[in-house]
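Visitor: Please take one part of this structure and examine it closely, then connect it to its surroundings. Where would you begin?

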Amino acid sequence: MPCPSYGLPAAECNVGSRLRAASTDARPTVCGDCYALKGSYRMYPEVIPAQYRRLASVRLALSGPAPRAEWIRAMVTLIGWQCRESGVFRWHDSGDLQSLEHLALIVDVADALPWVRFWMPSREAGVLASWIRANGPLPANLNVRQSAALVDHYPNPDRAGNGRTFSAVSTGGELPAGAWQCPAYTQDGECGDCRACWSPDVPLVVYPLH
């Protein structure tokens, strides 16, 4: 990726854990063979302990006003420094939102860094819907891509809006109108100049199964 990212333990995903348990050969879910539970995430022994330290910091931030303010201040400082050149950041290269209050933390960070474009993939459709109902659109610089639950299932791009877009996983075949095919798999696994995932103007990004 062309930017820093932030990861939590995939084993602690709420919806993701249920989708992983429900996945079958006949009805595979996008979390059934989670990339964040294999490969480099397991190869390096320091990765998972670091993810759990971040999760502990989120839980502490949700425990009261003072730790909340400290977490936001620290994240704004770190992300602002790390993204001074790229101007883009990814939330949750592994893991997902833990709660509505967790999303509120991320919204406050995005509000404090209007010049950074944030992308966050998420399976937590209920959390996103609750936020939008209660608070209106997400910040313009925070693009949350709600992922389809099933492989080869494509959300309707017309449902995008209010800071929410969509993503899907494909085994091949024809894609729906308006879908953007992730080019990383033809570019040695790199984004290159593509920033579709961060763009609210791209309603549906489709990733090959990997």
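Guide: I begin where Ala179 stands opposite Leu204 in β7. Strands β6 and β7 pair in the parallel sense there, over 3 bridges. The model is a predicted one, in which local features require pLDDT of at least 70 and side-chain atom pairs count only at pLDDT 80 or more, while totals for chains, interfaces and linings use all residues. Residues are numbered from 1 along each chain as its sequence is written, and side-chain values use heavy atoms, with hydrogens and water left out. Strands (E, at least two residues) and helices (H or I, at least four) are DSSP runs numbered from the N terminus; two strands pair if DSSP finds at least two bridges between them.

β7 also pairs with β5, again in the parallel sense, over 5 bridges; in β7, Val206 is the bridge partner of Ala168. Because 4 of its 5 residues are buried, β7 is largely enclosed by the rest of the structure. Buried means under 20% relative accessible area, exposed over 50%, and partly exposed in between, with a 1.4 Å probe and protein chains only.

The loop between β6 and β7 (204–208) contains Asp188, which counts as exposed at 78% relative accessibility. Asp188 has a positive phi of about 55° although it is not a glycine. Most residues other than glycine have a negative phi. Asp201 lies in the loop between β6 and β7 as well, and at 69% relative accessibility Asp201 counts as exposed.

Val144 stands opposite Arg164 in β5. Contact means heavy atoms within 4.5 Å. Axes are lines fitted to C-alpha atoms, for helices over the stretch in contact, and angles run from 0 to 180 degrees between N-to-C directions.

A nonpolar core is a set of buried Ala, Val, Leu, Ile, Met, Phe, Trp, Tyr and Cys residues joined through side-chain atoms within 4.5 Å. The largest such core has 32 residues, and Trp71, Ile79, Trp91, Leu103, Val109, Phe118 and Leu142 have the most contacts inside it. At least two residues come from each of α3, α4, β2, α5, β3, α6 (125–135) and β4, with α5 giving the most, 7 residues. Not counting residues up to four places away in sequence, Val109 touches Trp71, Ile72, Met75, Val76, Ile79, Trp91 and Phe118. Another core lies apart from this one; its 12 residues include Cys3, Cys182, Trp198 and Val205.

The helices α3 (residues 47–61) and α4 (residues 65–82) pack at an angle of about 135°, their axes 7 Å apart. They are therefore oblique to each other: angles under 35 degrees count as roughly parallel, over 145 as roughly antiparallel, 65 to 115 as roughly perpendicular and the rest as oblique. Ser57, Val58, Leu60 and Ala61 of α3 make this contact with Pro67, Arg68 and Trp71 of α4.
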